[in-house]
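Subject: Structure handover and notes

Hello,

Here is the structure I said I would pass on. My notes follow it.

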Amino acid sequence: MNLLVVGCSHHQASVSMREQLAFSHSQIGPFLDLFYDRYPDSEAVLLSTCNRTEFYAAASKPELIPSRSEMVELLANQSGLLQSELDAGIFSFTDRGAVKHLFSVAASLDSMVIGETQILAQVKRAYQLAVEKNEAMPVSHQAFQAAIRVARRVSNETSIHANRVSVPSVAICSLAKQIFERLNNKKILVIGAGEMAEESLTYILSEGGRDIVIANRTFESSQDLAKRCNGRVARWEDLEEELTQADLIVSTTGSTEPVVTGEIFQRIETKRNQNPMFILDLAVPRDFDENIGDYPNVYLYSLDDVQKQCLRNQKTRESQFPEALRIIEQETELFFADQRRRSSGTAIAMLKQKATETKEAELTRLMNRLEGVSTEHRLEIEKSFHRLVNKILHPPLESLQDDTAKGSKHGLLDAIKKLFQLGE
């Protein structure tokens, strides 16, 4: 296999470098065009996410692949960085190392958050964009299709994706669902309109939340967020009334003082008839007085509570890492065993074909010189030629098959190709 990957990720490159190397969706196509202008006989796939940029090149022959420095130069020209400063933060892998790395990336073992699910979709998208530019990519097809299959195997055979680890996902999909079986019949109040509120709404909607109210001191920000989630905007001065009606509350303001004090909540509680209320206070400092959780049927979780659950979930995922890594190792070995079988199978077929052509040519020459040979004798001569060729070929072919089965390097295969002058 002739495969090379160069790139950077959160493991070794600074945020600044990753930002400069990042490709937007619209930039990938022109970059691949530039690559093929220079290296028309190679293959290329470009994977770019918020935490990594990885540039894969492959070819049927090693001399057709650009070198590491040539690939780094292409990335440097795209990013505006000097090649020397980019080179220090770039990793590279070839062949087996490149395949194992790709498998690990697709299975989310190389992610900043182990087990995150977005990366597989990003790998698929990068591969699809590459196919749109060049359908004839035999090496890349094998590697990326195998990576997608391996990622699915890791997902199916381990629980590395099972436990959510981001604060909003744990808050909504784990903790809130412990209290409410479903959200499509609950009144949901989101206090604040920042990033945490927006991400929380993503999970609220995914869990079926529909009756959503946004309350924020800045009315315009509330309107923008409410439009995106098909929700309703409440004025800040109506917050107490909205709290009285809400079943699930997510609070994410940047207030330096509690938004809901014990005194305010006491007024709210008298109007609620002890209906269950689930409060996710994801603000720092806290938006809700901590004593509010002492009321009956009120379930108050702070950011610290949620982060403790996130940490437990992350540890559970990490406990699955050795098993996931074992699968990657196994699949990498299976992948290259298949590559060796393919390669030796092609050589065997070529050798047999060459021997058959030589045999047939010699038989034809011999029969043309022999007159009066009966059909019976002619068949016997043909059988003898056939047995002779098979006996000559048997030892090298048997040795080649044994060598391939043992996972040896391509020394014997290359020697047979050279000895019998088998062209590619």
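How many bridges join strand E8 to strand E9? There are four, between residues 248-251 of E8 and residues 277-281 of E9, and the two strands run parallel. One partner pair is Val250 with Leu280, the latter in E9. Please keep in mind that this is a predicted model.

The sheet

E8 and E9 belong to an open sheet of six strands, paired in parallel, with the order E7-E6-E5-E8-E9-E10. Its edges are E7 (232-234) and E10 (298-302), each of which pairs on one side only. On average, neighbouring strands of the sheet are turned by 20° against each other, direction ignored.

Two helices are worth noting here. Helix H13 (residues 303-319) lies across E9 and E10, and runs at about 70° to E10. Helix H10 (residues 219-228) packs on the sheet, where it touches E6 (211-215) and E7. The direction of H10 makes about 160° with that of E7.

Which residues of H10 are buried? They are Ser222, Leu225 and Ala226. These three lie on the same side of H10, because they cover an arc of only 100° around the axis. The buried residues pack against helix H9 (195-206) as well as E6 and E7. On the face turned away from that buried side, H10 carries Glu220 and Lys227, which are exposed. Just after the helix, Asn230 takes a positive phi of about 60°.

Backbone details to check

If you set up a calculation from these coordinates, the following backbone values may be of interest.

- The peptide bond from Val284 to Pro285 is cis, with omega near -5°. Pro285 sits in the loop between E9 and E10.
- Asp95 is not a glycine, yet has a positive phi of about 45°. Asp95 is placed in helix H5 (residues 95-106).
- Asn273, also a residue other than glycine, has a positive phi near 55°. Asn273 is in the loop between helix H12 (262-269) and E9.

What separates the C-alpha atoms of Arg152 and Ala106? The distance is 9.0 Å, while along the chain the two are 46 residues apart. Arg152 is in helix H7 (residues 138-157). With 45% relative accessibility, Arg152 counts as partly exposed.

Regards

Notes: Residues numbered from 1 in each chain as written. Predicted model: local features only at pLDDT ≥ 70, side-chain atom pairs only at ≥ 80, totals over all residues. Heavy atoms only, no water. Pairing = 2+ DSSP bridges. Axes fitted to C-alpha atoms, helices over the stretch in contact; angles between N-to-C directions. Contact = heavy atoms within 4.5 Å. Buried < 20%, exposed > 50% of the residue type's maximum accessible area, 1.4 Å probe, protein only. Arc of directions from axis to C-beta.
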